[in-house]
Amino acid sequence: MTYLAKSPWIIHYDATSCNGCDIEVLACLTPMYDVERFGVINTGNPKHADIFLITGSVNEQNIKVVENIYNQMPNPKVVVAIGICATSGGIFRECYNVLGGVDKVIPVDVYVPGCAARPEAIIDGVVKAIGVLEQKHTQMKKGAAVS
Amino acid sequence: MIEEQKTIEISPSDLVVKVRDMFVEQYRLVQIGATKLPDRIEINYSFDKNYQFINFRLILMDDKVEIPSVSGVYWNALFYENEIHDLFGLNIKGIVLDFKGTFYETKEKFAFASCPPKVEPIVRVKEKGKLNEQ
Amino acid sequence: MSNRTIIPFGPQHPVLPEPIHLDLVMEDETVVEAIPRIGWVHRGLEKLVEKKDFLEMTYVAERICGICSFIHGLTYCHGIEQIMNIEVPIRAHYLRTLWSEFSRIHSHLLWLGLVADAFGFESLFMHSWRIREKVLDIIEATTGGRVIFGSAKVGGTRRDIDNDMLKRILIQVTEIDKEMKEISQTFLNDFSVQQRLKDVGILSKADANMLGAVGPMLRASGVNQDMRKLNYAAYGQINWEPVIAQEGDCYARVQVRVGELFQASDIIRQVIEKIPEGPVDVKVTGMPQGEFFARTEQPRGEVIYYLKGNGTKNLERMRVRTPTFANIPAITKVLPGIQLADVPMMLLTIDPCISCTER
């Protein structure tokens with residue numbers, strides 16, 4: 001597991017999700033699953049966030065929004081693609097306006113499949129993301145020490 | 001059928017007049033939707049009052065025809081009309097708030113303007129003891 | 001004269017679970033004009049009818065929206081059944097009614113939570129979602145899915161619920177009812193809640209009708225209209241009346257939705273009492289030829305599926321007009337004149353479902 005001293009903060013953006021995964025992300029924060037007890041907070045501001053949860057595939061109009069949110073997040077940052085649509089396009093991959101998975105636009109670290117992804121799976125994905133976050137953090141520190 | 005659904009064919013020239021009549025009779029504009037068929041385009045204007053469903057149908061033979069906007073009568077029609085313009089590439093004149101093609105930004109412009117190639121239903125005919133596909 | 005500024009609202013905004021954009025033209029703290037823009041969730045799934053056959057499209061229809069998923073599937077199946085003249089078994093009609101009402105409860109609880117969050121009542125949000133989880137448990141036990149049910153099917157339903165389970169549901173619904181009463185007391189009678197909701201964003205009866213508003217938005221303005229009165233599924237055999245309120249403000253919309261929570265649990269009780277034995281589906285043969293406008297009532301209001309088949313396995317057109325699309329004109333007319341701080345809450349009172357809207 002991880003040895004990061006602080007809880008990660010999360011930002012969530014709905015690309016072209018059907019809402020199914022979105023409400024499951026929100027359900028993670030509510031009394032049944034309640035990740036807030038570990039200090040994980042869903043923030044609305046990309047500049048406060050460590051982990052970017054993205055649901056749904058990317059389309060023509062929201063590429064800019066997704067890139068914009070990703071670029072505004074401070075390093076180190078981790079992207080988690082939630083649901084099968086964010087992973088590969090899912091049932092909608094043949095639609096004319098769907099480009100496919102989120103990895104076509106920004107680098108994705110953790111994939112959480114499922115339609116809709118269950119809250120347990122989402123929490124698992126986030127725990128995995130914390131591991132990646134820690135790796136990136138150590139790498140960054142090493143890089144800073146060398147230069 | 002669970003409910004009666006009346007469809008009346010109208011021409012572009014009496015569209016606005018007919019729709020105004022519905023407005024005066026306090027019908028609610030339910031939806032406007034276009035359908036691209038191999039030989040024609042249909043636009044359905046649906047109205048409802050006390051669960052009575054009435055549908056006006058505009059039949060266009062080509063997509064260059066100018067269609068008058070009904071958004072001057074029903075204000076909410078502007079959303080449907082902008083949608084039809086962006087997805088079907090139809091020419092709707094005089095929308096009260098014209099997004100000029102930016103309502104939906106799609107990868108493919110006017111995605112619904114083309115019709116899929118017509119697939120003939122496969123008829124299986126038994127001939128001389130073996131199955132042939134025609 | 002004061003200065004006018006334009007405040008961009010969305011697409012990514014803390015209060016919005018989904019992307020919608022509003023250009024708010026402000027004069028000091030008051031909204032003068034609101035121009036909506038959509039398209040961030042547009043997938044173009046109506047065009048999928050050319051690639052998938054009419055039976056597969058049921059699953060696409062269910063994934064138009066993850067909150068009213070089941071009713072989307074139901075409406076699609078209802079439309080196809082009307083075109084093809086399929087007689088659906090009565091038990092399947094009752095099961096469809098049961099699942100429709102469970103999705104209404106879960107959707108309304110979700111919305112009540114979000115609106116509580118919008119006016120800053122965090123614990124009320126948590127309580128609403130806590131109760132919602134109990135509803136989801138029942139849904140999961142009967143269908144296997146939490147948000148996407150996958151239970152609608154042309155010609156009936158894909159699953160049956162046995163009588164033991166129905167009895168257990170009855171007990172659980174009574175418990176849920178008790179907890180819903182508790183939170184509804186706060187929603188309707190709490191002083192600070194009323195301060196935020198009363199007399200905000202009034203939509204008159206005439207406006208609601210002429211702007212094409214649907215669902216709780218329309219009924220909160222005193223119009224008695226509920227598409228369940230068209231008697232699809234088993235609604236014709238059940239005693240119920242649409243919930244309406246007169247004032248047309250945010251408080252009235254909360255009132256209507258709270259009323260519908262208890263109405264839904266009452267319908268569920270009647271369904272369990274009256275459900276007959278029998279098969280739950282019939283075999284579907286042939287291809288759809290003809291057209292039909294299927295209309296049903298979702299938690300957010302009337303949804304319309306226009307289906308047109310030409311005798312092949314692929315439909316010629318599927319056009320979906322969802323409730324939020326019909327409510328956007330009303331919200332853009334109501335926004336001018338209110339304070340900036342009330343905008344998020346106003347926007348939430350139509351219960352926006354953007355993935356529905358843009359399909």
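**Figure 1. The loop between β7 and α4 of chain A, with A:Ala116, in the predicted model.** A:Ala116 sits in the loop that lies between β7 (110–112) and α4 (119–146) of chain A. The peptide bond joining A:Cys115 and A:Ala116 is cis, with omega at about -10°.

**Figure 2. The cis peptide bond from A:Asn75 to A:Pro76.** Omega of this bond is near -10°. A:Pro76 belongs to the loop between α2 (63–72) and β5 (78–82) of chain A.

**Figure 3. A:Asp34, a residue with positive phi.** Although A:Asp34 is not a glycine, its phi is about 45°. The residue is placed in the loop between α1 (20–27) and β2 (41–42) of chain A. A:Asp34 has a relative accessible area of 23% and is therefore partly exposed.

**Figure 4. B:Asn50 in the loop between β3 and β4 of chain B.** Phi of B:Asn50 is positive, near 45°, in a residue other than glycine. With a relative accessible area of 65%, B:Asn50 is exposed, the cut-off for this class being over 50%.

**Figure 5. Packing of helices α4 and α5 of chain C.** Helix α4 (residues 122–143) and helix α5 (residues 163–189) of chain C pack at an angle of about 165°, and their axes are 10 Å apart. α4(C) is therefore roughly antiparallel to α5(C), since angles over 145 degrees count as such. The crossing of α4(C) and α5(C) is left-handed. Residues of α4(C) in the contact include C:Leu124, C:Ile131, C:Val135 and C:Ile138; among those they meet in α5(C) as a group are C:Met165, C:Ile169, C:Ile176 and C:Phe187. C:Arg130 and C:Lys134 are also on the α4(C) side, and C:Glu179 is on the α5(C) side. By class, the contact of α4(C) with α5(C) has 11 nonpolar, five polar and three charged residues.

Figure 6. Chain A has four helices and seven strands, which run β-α-β-β-β-α-β-α-β-β-α from the N terminus on. Along the principal axes, the C-alpha atoms of chain A fill a box of roughly 50 × 40 × 25 Å. The radius of gyration of chain A is 15 Å, which agrees with the value near 15 Å for a compact globule with 147 residues. Of the 147 residues in chain A, 53% are buried. Among contacts in chain A with a separation of 6 or more, 81% are between residues 24 or more positions apart.

Note on methods:
Residues numbered from 1 in each chain as written. Chains lettered and ligands numbered in written order. Predicted model: local features only at pLDDT ≥ 70, side-chain atom pairs only at ≥ 80, totals over all residues. Heavy atoms only, no water. Axes fitted to C-alpha atoms, helices over the stretch in contact; angles between N-to-C directions. Helix = DSSP H or I, 4+ residues; strand = E, 2+ residues; numbered from the N terminus. Parallel < 35°, antiparallel > 145°, perpendicular 65-115°, else oblique. Left-handed = near helix turned anticlockwise from the far one by under 90°. Contact = heavy atoms within 4.5 Å. Nonpolar A, V, L, I, M, F, W, Y, C, P; charged D, E, K, R; others polar. Rg over C-alpha atoms; globule rule 2.2 N^0.38 Å. Buried < 20%, exposed > 50% of the residue type's maximum accessible area, 1.4 Å probe, protein only.
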